Amino acid sequence: MYMLRRLRALIDGNIIALLLLIGLLGLISFTGHRFYMYIATLIMIFGIFAMGYNILFGYAGLLSFGHGLFFGVGAYSVALFTLNVYRDPLVGVLFSIPIALLTSIIVGILTLKHGRVYFAILTLALSMIFWSALIKLRWLTGGSDGLVGIPKRGVLVDLSAPTVFYYFTLVFFAAIMLGLYMLNKSRYGLLLRALGTNEDRLPFLGYSTFTLRMIALTISGVVSALAGALYAVFYSVVTPDVAYWTFGAEPLVMSLIGGSSYFLGPLVGAIIFVSLTTTVARFAEYWMLLLGAALIAMILFFRGGLLGFLESLAGRFKLGVYLRWRF
Amino acid sequence: MDLTSFLVQALIGLYKGSLYWILALGLVLIFGVVRVINFAHAAFYVTGSYLMYTFYTYTSNFIVSLIIAMIITGALGAIVEITIIRRVYKLETIYQLLATFGVALIANEAQKLIWGKGVVYISIPETLSRGVNLGGITINYYMALIVVTGLLLFIATIVFMNYTITGLRTRAVWRDPVMSEALGINTRLIYTLVFFTGTALAGLGGALTVPLISVGPGLADYLIVTAFIIVVIAGLGSITGAYIVAILVGVFSSILVLIVPELDIVILYIIAALILLFRPHGLFGER
Amino acid sequence: MSVDRRDFIKILGAGAAGLVVGAVLGWATKPSEVQEITRTVTVTTPGVVERRLPKATVKIGVLGIRSGLWSTYGEFIEQGARLATEEINARGGILGSRVELVFRDEQADVVKQARELVDVENVDFIVGIDSSGNALRVGGIVDELGKIVIVTHAATHRLTEELVFKEGKKLIFRSSVPVYQDGILAAYIAKDLPVRKWAGINGDYEFGRVSWELFTKTLKTLRPDVEFVTAHWPKFGTEDFTPFISALLASDAEALHTSIWAIELVTLQRQLTAMGGYKKFKAVISTLGYSMDVVYALGAGYPTAELGTWVSARYMWLYPPTKINREFVDRFKARWGRLPAYSAETTYSAIYMLKAALENAVSLDPDAVVKALEGLVILTPAGVRWIRPEDHQAVYETPYGRITHKGAEVPLLEDLKAVPAMLYYRHPPFT
């Protein structure tokens with residue numbers, strides 16, 4: 001009975017939508033259409049990145065311009081590990097986790113004691129310093145040309161077939177999403193949200209904001225790095241651009257498009273962002289113009305992101321109960 | 001490293017710092033009063049460059065072109081404020097940042113449509129292209145003019161803010177917009193005026209640099225981060241701070257080019273990181 | 001354009017003289033690994049019924065930088081690709097199949113664009129790519145794409161040396177000369193100049209680094225008495241070079257090497273002039289100084305050093321003095337109102353390379369076309385291109401020349417110096 005109640009508490013619109021999405025992503029592999037699978041893989045990778053980003057942004061209320069740093073750390077750890085130490089993509093991706101953990105803690109110590117605007121600029125500066133290092137340490141990183149030949153076929157696993165790699169990504173995607181869902185439902189999730197909404201009260205309740213922020217940053221960093229690691233294996237090339245601040249701002253845009261105060265917001269944003277940039281880039285000359293206009297339109301008219309828009313729509317038709325998808 | 005080249009390098013840094021300052025001035029002003037981080041600021045700056053190029057090519061009159069470029073850029077800024085920025089004042093910083101980022105993207109592409117993809121510049125006016133020779137390095141009067149203009153703009157801003165009634169009103173809005181509104185100050189008008197002034201200053205800066213650098217569509221992307229970082233290092237909204245920091249960054253990074261040429265790519269970020277780590281609110285920030 | 005006949009002849013004369021000098025030099029110092037050209041194109045006979053491609057349209061995806069500060073370069077690629085395609089289609093296409101182009105911006109995630117070109121647009125080939133990083137990114141997934149990619153601008157030697165030669169990615173080709181032009185050939189030019197102390201200003205990214213490394217290494221072997229006094233590394237997207245220039249001028253260098261390009265080069269040259277750089281440096285080598293965007297932008301103000309401002313590109317419209325090149329330049333000017341930029345020619349020729357290979361292979365099967373491209377010898381505006389089978393690099397030569405303003409709207413070149421490509425290209429196994 002107790003177990004059943006626990007289970008009931010865990011089930012809500014988010015998990016159903018998530019499971020449906022994972023199922024749908026699984027189905028895409030059966031179409032056998034390479035480009036759909038490619039776009040779906042990108043959506044999964046950027047979905048992971050944006051969901052990771054939003055732990056810090058949406059939950060803890062900390063705006064980071066330096067998430068390219070974590071993505072880049074993940075990507076470069078896989079590249080360096082598989083090319084120099086042990087030639088296997090799976091081990092490489094797993095190897096990126098402890099590296100990302102370490103990086104997150106260092107970044108946290110340096111930045112978390114600052115006000116929010118300064119946190120944003122500090123993370124920007126750190127990721128640009130990392131970017132410069134990638135360009136400068138040519139003997140190690142291949143400089144601006146980056147590292148090529150990251151293997152899909154390794155000692156333990158062979159991911160060279162598109163479908164195999166697709167499932168490989170899907171497994172990571174599903175695991176990370178379910179993990180984040182559990183986090184969202186847990187006490188820690190609640191505390192992290194409190195960081196964003198009511199930071200000043202936390203110390204009165206006996207919690208250290210610094211520790212909580214550190215936890216948020218670490219989770220965010222590791223998840224982002226995993227996205228970077230998958231990206232590196234997927235593209236089999238990694239260049240310093242992934243650590244450039246503009247790249248690091250993409251998950252921010254995704255979170256906002258989807259709705260940063262919704263659990264699934266960043267994921268929805270990733271889906272829209274990847275599809276939108278794919279479509280508008282066909283208007284080769286003017287895609288940036290369209291992107292700029294879309295951004296302004298979104299901010300003026302759909303500020304809560306797509307999910308916020310849907311919720312207000314549902315509210316209007318008294319369907320609000322079915323759309324309680326905030327975290 | 002002899003003393004002359006060291007001093008020349010510092011002088012070049014002074015000029016470079018003045019350029020940074022002219023670029024950052026409008027940004028500080030707008031952030032200080034309107035509390036919007038205007039990501040499109042450099043795009044306005046580059047628009048000023050393009051306008052200067054067009055008018056100077058047609059009129060060959062430097063001063064007139066400069067003024068026209070400045071006013072048109074300011075007017076564009078005011079239009080953007082009225083149509084877009086005004087609607088995001090009450091939103092979180094991040095939305096303001098993204099809205100102005102959208103404006104920057106559109107401005108970049110519009111520049112490409114109007115002025116083409118090619119490189120654009122004008123020559124330094126004849127009288128200013130001569131200069132003094134310091135140890136084999138010519139520093140022309142135009143570079144000196146930039147330094148002087150930077151200083152004059154600084155003094156003018158300080159005087160305007162502290163000794164005029166409009167300046168007083170602006171400072172009042174800066175400190176407490178709600179109270180100012182209650183006291184009968186038309187904050188809306190002040191905001192539009194400040195936006196006009198800020199972007200017109202950007203236009204002036206852009207127009208002043210066309211004789212020195214070359215302009216292409218999207219150049220703004222490479223300028224805006226530098227401007228941002230200077231404003232942040234100074235402490236958001238501090239005009240005096242921004243001037244001092246711009247000059248210091250210019251001089252310091254210029255001298256560093258001479259001593260450690262390898263560091264150019266990263267120096268600005270290292271300075272920013274170090275200063276923010278030790279002075280989290282910037283060098284001149286109040287909290 | 002007012003390059004009058006006499007000037008043109010003068011240039012041609014200079015070019016021919018340069019060629020002779022180069023050839024003699026090449027003969028005298030011929031390296032052991034120089035290889036013989038063994039295959040030529042068999043001339044196709046039109047009208048034979050069975051020689052047809054399996055598709056009525058051959059689709060070519062074209063990637064270039066089409067947004068942002070470097071978007072002129074994407075335009076050059078587009079102009080070259082369009083001209084070639086229009087010509088080919090006007091003469092009945094390739095074995096009766098029409099050629100169709102699809103353009104994409106490589107700045108919008110080049111891998112995504114390449115995948116979409118292949119999987120959605122169903123292109124048969126990809127040409128173009130301006131940035132080295134992007135070329136390597138596409139190169140990394142070329143086997144998954146399963147289509148031939150001909151790079152027409154990106155200059156990283158790693159594309160052909162590592163990806164093609166070492167990793168065996170046979171689908172990659174390159175029609176443009178890589179960084180050998182900016183490093184090694186520049187050193188051959190430098191060795192004849194009566195200066196000893198060199199300074200460098202190159203971009204702080206791989207292309208700039210490798211240009212300077214190859215330059216210093218080669219020049220030191222050719223002229224052991226030279227000294228490299230100082231090297232400066234402005235970052236990509238530098239809008240103002242004054243601190244670098246004053247630092248360069250504070251050194252005791254007599255000559256300057258730079259591989260800075262496009263808008264940055266325009267700024268660099270103008271500021272160098274304004275700050276007295278051309279009073280100090282007796283010679284300046286600007287490896288991409290004859291890129292047409294720079295030539296048009298600087299125009300009559302293109303500075304000339306005492307011993308010459310030596311410039312080059314990956315192709316220059318005034319070389320070689322052949323009929324095919326002259327006609328190409330005329331057609332290009334008639335079509336686009338401007339002289340062809342180098343990446344316009346390299347893309348134009350890439351499409352003709354494909355045409356020749358397809359006519360030989362009579363198939364769209366990538367493996368068959370790769371076979372037909374390997375060792376292909378083809379006459380193009382830039383001269384005879386030989387596609388070296390080991391690394392899939394088009395071998396052809398482009399000279400350096402001194403900027404001169406004698407009687408023309410556009411700066412011309414004099415004292416063209418050509419060195420045989422086999423002498424200044426690196427050779428397999430690239431150790």
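Is C:L95 buried or exposed in this predicted model, and what is its relative accessible area? C:L95 is buried, with a relative accessible area of 14%, where buried denotes under 20% relative accessible area, exposed over 50%, and partly exposed the range in between (1.4 Å probe, protein chains only). The model is predicted, and local features accordingly need pLDDT of at least 70, side-chain atom pairs count only at pLDDT 80 or more, and totals for chains, interfaces and linings use all residues. Residues are numbered from 1 along each chain as its sequence is written, chains are lettered from A and ligands numbered from 1 in the order in which they are written, and side-chain values use heavy atoms, with hydrogens and water left out.

The backbone of chain C was examined next. C:L95 lies in the loop between α2 (71-90) and β2 of chain C, helices (H or I, at least four residues) and strands (E, at least two) being DSSP runs numbered from the N terminus, and its phi is near 50 degrees, a positive value in a residue other than glycine. A positive phi, near 60 degrees, is also found at C:D109, again a residue other than glycine; C:D109 belongs to the loop between β2 and α3 of chain C and, at 23% relative accessibility, counts as partly exposed. Two cis peptide bonds can be described in chain C: the bond from C:Y319 to C:P320 has omega near 0 degrees, and the bond from C:P428 to C:P429 has omega near 5 degrees. C:P320 is placed in the loop between β10 (309-311) and α13 (323-336) of chain C, whereas C:P429 is located in the segment after α16 (421-424) of chain C.

The interface of chain C with chain A involves 36 residues from chain C and 33 residues from chain A in contact, contact meaning heavy atoms within 4.5 Å. The buried area, defined as the accessible area (1.4 Å probe) that two parts lose on being put together, summed over both, is about 2900 Å² between these chains, and carbon and sulfur atoms give 48% of it. C:K112, C:R137 and C:E206 supply 22% of the area that chain C buries against chain A, which is more than any other three residues. Six salt bridges are found by the rule across the interface of chain C and chain A, the rule requiring a side-chain nitrogen of Lys or Arg within 4 Å of a carboxyl oxygen of Asp or Glu; a salt bridge joins the side chains of C:D119 and A:R34, with an N to O distance of 2.8 Å. Between chain C and chain A, 17 residue pairs are in polar contact, both residues being at pLDDT 80 or more; a polar contact is a pair of N or O atoms within 3.5 Å, of which, within protein, one must be able to donate a hydrogen and the other to accept it, residues adjacent in sequence counting only if both atoms are side-chain atoms.

On the side of chain C that touches chain A, two or more residues each come from β2 (98-105), α3 (110-119), α4 (132-140), α5 (142-145), α6 (157-166) and α8 (206-222) of chain C, and the largest share, seven residues, comes from α3(C). By class, this side of chain C has eleven nonpolar, seven polar and 18 charged residues, with Ala, Val, Leu, Ile, Met, Phe, Trp, Tyr, Cys and Pro counted as nonpolar, Asp, Glu, Lys and Arg as charged, and the others, Gly among them, as polar.

Over all chains, the structure holds 51 aromatic pairs, for which rings of Phe, Tyr and Trp (its six-membered ring) must have centres within 6.5 Å, with planes under 30 degrees apart counting as stacked, over 60 as edge-to-face and the rest as tilted. The rings of A:Y166 and A:Y167 are edge-to-face, because their planes stand at 75 degrees, with centres 6.1 Å apart. A:Y166 is buried at a relative accessible area of 1%, whereas A:Y167, at 31%, is partly exposed. The rings of C:Y205 and C:F236 likewise form an edge-to-face pair, with centres 5.0 Å apart and planes at 80 degrees.

Within chain C, C:H153 lies in the loop between β4 (148-151) and α6 and is buried at 5% relative accessibility. C:T346, in helix α14 (residues 342-361) of chain C, is buried with a relative accessible area of 0%, and a polar atom of its side chain lies 3.1 Å from the backbone oxygen of C:S343.
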